[in-house]
Amino acid sequence: PALDARAFKLALAELKLRLLTSESSHHQFTRYGNAWGDKAAELERAALQVYEERPQSLSRVISVTHYLHHDLHALAKAIEILFLAERDKVLDSAGRERLVNYLQLAERYAESIPLLEGVIERDPYAIAYRAQLLVAYHRAKRPQQMQESLAAIEKHFHAAGRWNEQNIVTLADACNECELIEQAAGYWDEAISLHQRARPRGAGRDEELSGLYKKVARARSELGQTKPAIDAALAAVVSSGAGFEQQTDARSVLDEVLSQAKDLEDYLAQWDEETAKSGQDSPLLRRAIGQCFQERGDYARAITQLRHAARLQPEDKQIRESLIDCYAASEQPEAEIKELIALANIDRHDATIYERLMGRMANRSTDLVLAGQASRWDAEAERAATSIVEAAPSEAETHASLAKIRENQARWDEAIVQWEQVAGLRALEPSGLLGLAGAQIRGKHFDAARETLKKLRAAKWPERFNTVDNERMNLERQLPK
């Protein structure tokens with residue numbers, strides 16, 4: 001606190017220097033809300049002093065209004081200065097664009113209209129300004145002017161031979177913002193046709209094209225046009241980039257379209273007819289529809305679609321995972337176990353799958369015994385347990401997984417064998433010896449446990465294993481005196 005006044009003097013001097021030199025990015029030291037949360041009025045006064053020294057300087061107007069808006073959040077004051085600069089013919093086209101943007105940020109759309117009309121008069125091919133004007137008419141509740149402006153844009157750009165993909169997309173985005181969804185979808189479709197025409201056939205993935213398809217999919221979905229919406233969403237997935245994020249984003253649009261479809265059953269019936277005739281199906285679509293029904297809790301329909309998908313793409317883990325969840329939710333244990341086995345065959349190195357399979361088989365065996373039936377799952381459960389190690393015999397994780405299963409079964413001698421394997425494969429880590437000592441104590445092999453704990457005590461473990469001494473002492477306390 002004793003330094004605040006002196007430090008703030010430095011901050012004001014630094015602020016004035018930066019505004020005078022028209023630096024666009026201001027230092028944290030001069031930004032309201034970081035160091036000077038209670039000094040907004042003084043910072044604003046300092047900025048206005050810099051402006052008032054030379055109000056006819058465009059660079060100073062831009063620098064000061066940028067600071068007022070971005071750093072002080074004084075948008076109204078920034079707009080006032082820009083209006084004064086426009087009145088005094090100080091602003092250039094970039095300055096007017098800034099004023100328009102600030103007005104629309106403040107939702108003062110009606111005030112932005114004359115400015116935009118003037119800019120367009122000077123530059124009739126500035127599609128970005130025309131798009132802003134459409135939005136301004138819409139927000140200012142002037143629908144007739146909006147429609148007239150849209151018709152004028154089409155006529156003007158067609159006549160001048162400037163009806164190209166970029167201009168069409170800009171116009172489509174503006175129509176979408178103006179809630180002219182049908183027009184927006186039509187323009188995006190037109191842009192897609194031009195985009196595809198400009199690229200050679202079989203050009204591969206195209207993130208820009210995928211983005212256009214995503215926009216069409218959402219628009220058609222909002223209009224209740226299920227088939228064209230799904231077709232566009234599928235095209236977005238097919239054309240999206242190979243990266244995980246691009247694929248995930250495109251698939252999320254497909255999921256969104258399906259979840260919003262009110263006539264999904266009708267669409268599905270039509271799709272089944274088409275695939276029966278053509279012999280061509282889509283595992284991607286079947287999986288997405290199945291997962292959509294799964295989210296709705298309609299497990300019977302979900303299973304039907306997911307089984308279709310699994311036949312078309314048997315190695316897809318996500319399809320199997322969804323089927324397992326559906327069978328579990330609809331209490332079909334035998335089908336669930338079969339899918340777990342199929343999943344284990346796809347990824348034989350994932351020990352968690354075998355653990356799930358083993359646990360589910362053991363539960364099923366108990367269910368049958370309680371029902372007075374002979375269990376046929378004991379051998380299968382045991383087979384699932386041993387498969388954990390068979391899948392990856394040289395990996396410590398698989399032996400640790402089987403060891404934990406044996407511990408849950410209180411089969412301590414067999415757990416000990418597996419922990420010995422872990423300790424051998426991971427000699428530079430204490431986890432194997434800790435697991436081994438624990439199993440030896442529970443299996444009442446106390447002398448062997450003392451030897452294992454002696455090894456743990458004698459070894460020098462890396463610093464990251466900083467809990468090993470506490471774990472070892474805990475185990476030592478469990479030994480009989």
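1. Arg472 counts as buried, at 9% relative accessibility, where buried means under 20% relative accessible area, exposed over 50% and partly exposed in between (1.4 Å probe, protein chains only). Arg472 belongs to helix α25, residues 468-477, helices being DSSP runs of H or I with at least four residues, numbered from the N terminus. Leaving aside residues up to four places away in sequence, Arg472 touches Leu434, Leu453, Leu456 and Arg457, a contact being heavy atoms within 4.5 Å.

2. The model is a predicted one, in which local features need pLDDT of at least 70 and side-chain atom pairs count only at pLDDT 80 or more, while totals for chains, interfaces and linings use all residues. Residues are numbered from 1 along each chain as its sequence is written, and side-chain values use heavy atoms, with hydrogens and water left out.

3. Phe465 lies in the loop between α24 (446-458) and α25, and at 19% relative accessibility Phe465 also counts as buried. Its contacts, not counting residues up to four places away in sequence, are with Leu428, Glu429 and Pro430; for Pro430, which is 35 residues apart from Phe465 in sequence, the C-alpha to C-alpha separation is 7.8 Å.

4. Lys39, in the loop between α1 (4-20) and α2 (40-53), is partly exposed, with a relative accessible area of 23%. The C-alpha atoms of Lys39 and Leu72 are separated by 10.0 Å, the two residues being 33 apart along the chain.

5. The largest pocket has a volume of about 310 Å³. Of its 15 lining residues, Gln247, Arg251, Leu284, Arg287 and Gln318 are the closest to the centre. Helices α13 (244-260), α15 (283-295) and α17 (317-329) each supply at least two residues of this lining, and the largest share, 6 residues, comes from α13. A pocket here is an open set of points on a 1 Å grid over the protein atoms alone, where a 1.4 Å probe fits, with protein on both sides within 12 Å along at least five of seven lines; lining residues have an atom within 4 Å of a point. The volume is the space filled by probe spheres set on the points.

6. The protein chain averages a pLDDT (the predictor's confidence in each residue, from 0 to 100) of 88, and 90% of the residues score at least 70. Confidence is lowest in helix α19 (residues 351-370), at a mean of 65, and highest in helix α9 (residues 165-177), at 97. Over residues 369-374 the pLDDT is below 50, and this stretch has 2 contacts in the model beyond near neighbours in sequence. Where pLDDT is low, the predicted coordinates should not be read in detail.
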